Amino acid sequence: MEEECRVLSIQSHVVRGYVGNRAATFPLQVLGFEVDAVNSVQFSNHTGYSHWKGQVLNSGELQELYDGLKLNSVNQYDYVLTVCDPVMGDQRNGEGAMYVPDDLLPVYREKVVPVADIITPNQFEAELLTGRKIHSQEEALEVMDMLHAMGPDTVVITSSDLLSPRGNDYLMALGSQRTRAPDGSVVTQRIRMEMHKVDAVFVGTGDLFAAMLLAWTHKHPNNLKVACEKTVSAMHHVLQRTIKCAKAKSGEGVKPSPAQLELRMVQSKRDIESPEIVVQATVL
């Protein structure tokens, strides 16, 4: 009998579309994980639409849900997946912008990151957490070492402003993983990936990336290169299918709407389950 692996996913939820738990649950289940989803937010749709309705759970309501699981002794999990991946901000038109209040930054630095095994910040978030700017690949590696020192053994900077060796049409991501050898020594694997840019704004890609990276690092615990190649290649297939379908619906020369750009998750089941490797990672 195959060993069961359980994930507690604490994220936002939408009725329509794929962000938060909607983006994370399906790929994890396809890859063989049992998922218990706690919805910290429940909205009709993501906030990229013109309108949305719904509720935000407070800490007491979230605790009540967990207490119910605990009372029934069904609160044993192999992993906890949360939006503290960390979702703090991103670059917009060359300028950094926070998604969350500034006073949450110390909470991420001092409380959240130290207890995480895997973090997936973008460049702006990595800079916020460490207080260091990244202008080169070497500086990115130094920042990832600083993040390792804060606690996580696996750090993936999911996107950066650094110029890819393949040119301006490619987005560069960097990863670093510390593993411990039987003799107690620490081995660090570092990788770089270049992904072809897609001229569209998608929502939920970070949630999908975090979920698949969790799954593939579980299946390949000491091989960040393989885990990231499978994660990023699956992302590529999902996004290509999504933009193709969106353009077909919007029509020639018309910008697709947020509804048309919802991730084509179900249609990408085979690519999520067994992705054809189209993005190769370079070991640094």
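This is a predicted model: local features need pLDDT of at least 70, side-chain atom pairs count only at pLDDT 80 or more; totals for chains, interfaces and linings use all residues.
I157 stands opposite L174 in strand β9. Residues are numbered from 1 along each chain as its sequence is written, and side-chain values use heavy atoms, with hydrogens and water left out.

Stay with β8 and β9. I157 belongs to strand β8, residues 154-157. Helices (H or I, at least four residues) and strands (E, at least two) are DSSP runs, numbered from the N terminus. β8 and β9 (residues 170-180) run antiparallel, joined by 4 bridges. Two strands pair if DSSP finds at least two bridges between them. V156 also faces β9, where G175 stands opposite. On another side of the pairing pattern, β7 (residues 118-119) meets β8 in the parallel sense over 2 bridges. There, I119 stands opposite V155.

Which way do the residues of β8 point? T154 and V156 point one way, V155 and I157 the other. All four are buried. Buried means under 20% relative accessible area, exposed over 50%, and partly exposed in between, with a 1.4 Å probe and protein chains only.

Now widen the view to the sheet. β7-β8-β9-β10-β11 is the order of its 5 strands; the sheet is open and its pairing mixed. β7 and β11 (282-283) stand at the edges with a single partner strand each, so one side of each has no neighbour in the sheet. Helix α5 (residues 137-150) packs on this sheet and touches β7, β8, β9 and β10 (186-196). Contact here means heavy atoms within 4.5 Å. The direction of α5 makes about 40 degrees with that of β9. Axes are lines fitted to C-alpha atoms, for helices over the stretch in contact, and angles run from 0 to 180 degrees between N-to-C directions.

Next comes helix α4. How many of its residues are buried? The count is 8 of the 8, across residues 123-130, so α4 is largely enclosed by the rest of the structure. At the start of α4, a side-chain oxygen of N122 comes to within 3.2 Å of the backbone nitrogen of F124. A polar contact is a pair of N or O atoms within 3.5 Å; within protein, one must be able to donate a hydrogen and the other to accept it, and residues adjacent in sequence count only if both atoms are side-chain atoms. Just after α4, G131 takes a positive phi of about 75 degrees.

β2 (residues 34-43) pairs with β3 in the antiparallel sense over 3 bridges. Q42 has Q55 as its bridge partner in β3.

Two single residues deserve a look. Most residues other than glycine have a negative phi. S73 is not a glycine, yet has a positive phi of about 55 degrees. S73 sits in the loop between α2 (59-71) and β4. Is S73 buried or exposed? S73 is exposed, at a relative accessible area of 52%.

H237 is found in helix α7, residues 224-250. H237 counts as buried, with 13% relative accessibility. Leaving aside neighbours within four places in sequence, H237 is in contact with D271, P275, E276 and V278.

Finally, the whole chain. There are 8 helices and 11 strands. Of the 284 residues, 44% count as buried. Among contacts with a separation of 6 or more, 65% come from residues 24 or more positions apart. The C-alpha atoms fill a box of roughly 55 × 55 × 45 Å, taken along the principal axes. The radius of gyration is 19 Å, which agrees with the value near 19 Å for a compact globule of 284 residues. That radius is taken over C-alpha atoms, and the globule rule is 2.2 Å times the number of residues to the power 0.38. The accessible surface comes to about 15000 Å², and 50% of it belongs to carbon and sulfur atoms. Accessible areas come from the Shrake-Rupley method with a 1.4 Å probe; for residues, only the protein chains shown count as cover.
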